[in-house]
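This report goes through one protein model, part by part. Please keep the sequence and the 3D view at hand while reading.

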Amino acid sequence: IKSSSLVSATKIPFILAGEEVTVYRLEESSPTNLDKSMSSWSQRGMAAMIQVLSREEMDGGLRRAMKVICTWSENDVLKLGQVFIVKSFLPEVVQTWQKIFHDGTVLHLCLREIQQQRAAQKLIYTFNQVKPHTIPYTPRFLEVFLIYCHSANQWLTIEKYMTGEFRKYNNNNGDEISPSSLLEELMLAFSHWTYVYTRGELLVLDLQG
């Protein structure tokens with residue numbers, strides 16, 4: 001997708017608190033059957049307002065993160081009062097990307113990140129259908145949105161903020177924990193299954209949540 005094809009949403013009243021952003025989502029032709037669905041980017045963004053709550057530390061050193069709350073959104077594209085994490089790529093990451101892909105931009109990096117997340121969502125959807133019914137867990141991946149921050153003139157990603165005990169199951173190098181529960185065994189099995197299911201084309205790693 002090219003940035004020129006993303007149409008800005010209608011301006012919103014300036015009296016609302018926070019930063020004005022435009023939200024774009026990856027839409028599905030068949031949302032209830034992800035394994036048979038085709039993905040496409042929304043051509044019109046939805047307006048929203050977000051207010052920064054805090055800055056978050058992120059593992060991996062690739063991106064910065066901010067915790068924000070939605071104070072208003074058009075057509076409830078972001079849930080009012082919901083807390084989200086907004087992520088931005090570090091300048092050195094963008095510079096490295098542009099050395100490899102000379103026409104690459106921050107927008108391209110964000111789109112790539114979201115499309116990878118959607119691929120993982122589709123794989124876990126299929127995995128949940130074929131795993132034994134005796135396993136009581138049905139893992140899901142968070143939906144990630146593309147946002148444009150008007151004041152900063154910057155493309156970012158946004159996702160729902162997760163609460164509770166956080167656990168990392170494996171990393172990008174394939175290093176994994178020694179499983180001590182059925183859930184941990186399931187998540188590691190999913191990574192292996194993605195490689196087998198896609199015949200070596202894809203491997204979903206860095207599972208955490």
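## A lysine in strand S5

Lys-67 is found in strand S5, which covers residues 63–73. Helices (H or I, at least four residues) and strands (E, at least two) are DSSP runs, numbered from the N terminus. The model is predicted: local features need pLDDT of at least 70, side-chain atom pairs count only at pLDDT 80 or more, and totals for chains, interfaces and linings use all residues. Residues are numbered from 1 along each chain as its sequence is written, and side-chain values use heavy atoms, with hydrogens and water left out.

Is Lys-67 buried or exposed? Lys-67 counts as buried because its relative accessibility is 18%; buried means under 20% relative accessible area, exposed over 50%, and partly exposed in between (1.4 Å probe, protein chains only). Neighbours within four places in sequence aside, Lys-67 is in contact with Gln-51, Val-52, Leu-53, Ser-54, Glu-56, Val-83, Phe-84, Ile-85 and Tyr-161, where contact means heavy atoms within 4.5 Å.

## Nonpolar cores

A nonpolar core is a set of buried Ala, Val, Leu, Ile, Met, Phe, Trp, Tyr and Cys residues joined through side-chain atoms within 4.5 Å. The largest one has 17 residues, of which Trp-41, Phe-89, Ile-114, Leu-146 and Trp-155 touch the most other members. Helix H1 (91–100), H2 and strand S7 (144–149) are the elements that give two or more residues to this core. H2 gives the most, with 5 residues.

Beyond its neighbours within four places in sequence, Ile-114 is in contact with Leu-26, Trp-41, Val-144, Phe-145, Leu-146 and Thr-157. Another core, of 16 residues, lies apart from the largest one and includes Val-23, Met-66, Cys-70 and Leu-156.

## Helix H3

H3 has 16 residues and reaches 21 Å from its first C-alpha to its last, close to the expected 22 Å at 1.5 Å a residue. That expected span is 1.5 Å times one less than the number of residues. Buried in H3 are Glu-184, Leu-186, Met-187, Leu-188, Phe-190, Ser-191, Trp-193 and Thr-194. The buried residues of H3 pack against helix H2 (106–130).

Glu-184 of H3 is buried, with a relative accessible area of 6%. Its contacts, leaving aside neighbours within four places in sequence, are Arg-167, Tyr-169, Ile-177, Ser-178 and Pro-179. Leu-186 of H3 also counts as buried, at 5% relative accessibility. Leu-186 and Ile-135 are 51 residues apart in sequence and 8.5 Å apart in space, C-alpha to C-alpha.

## Positive phi angles

Which phi value does Asn-153 take? Phi of Asn-153 is near 50°, a positive value in a residue other than glycine. Asn-153 lies in the loop between S7 and strand S8 (154–160) and counts as exposed, at 58% relative accessibility.

Just after H3, Arg-199 takes a positive phi of about 55°. Asp-206, in the segment after H3, has a positive phi near 60°. Asp-206 counts as partly exposed, at 24% relative accessibility.
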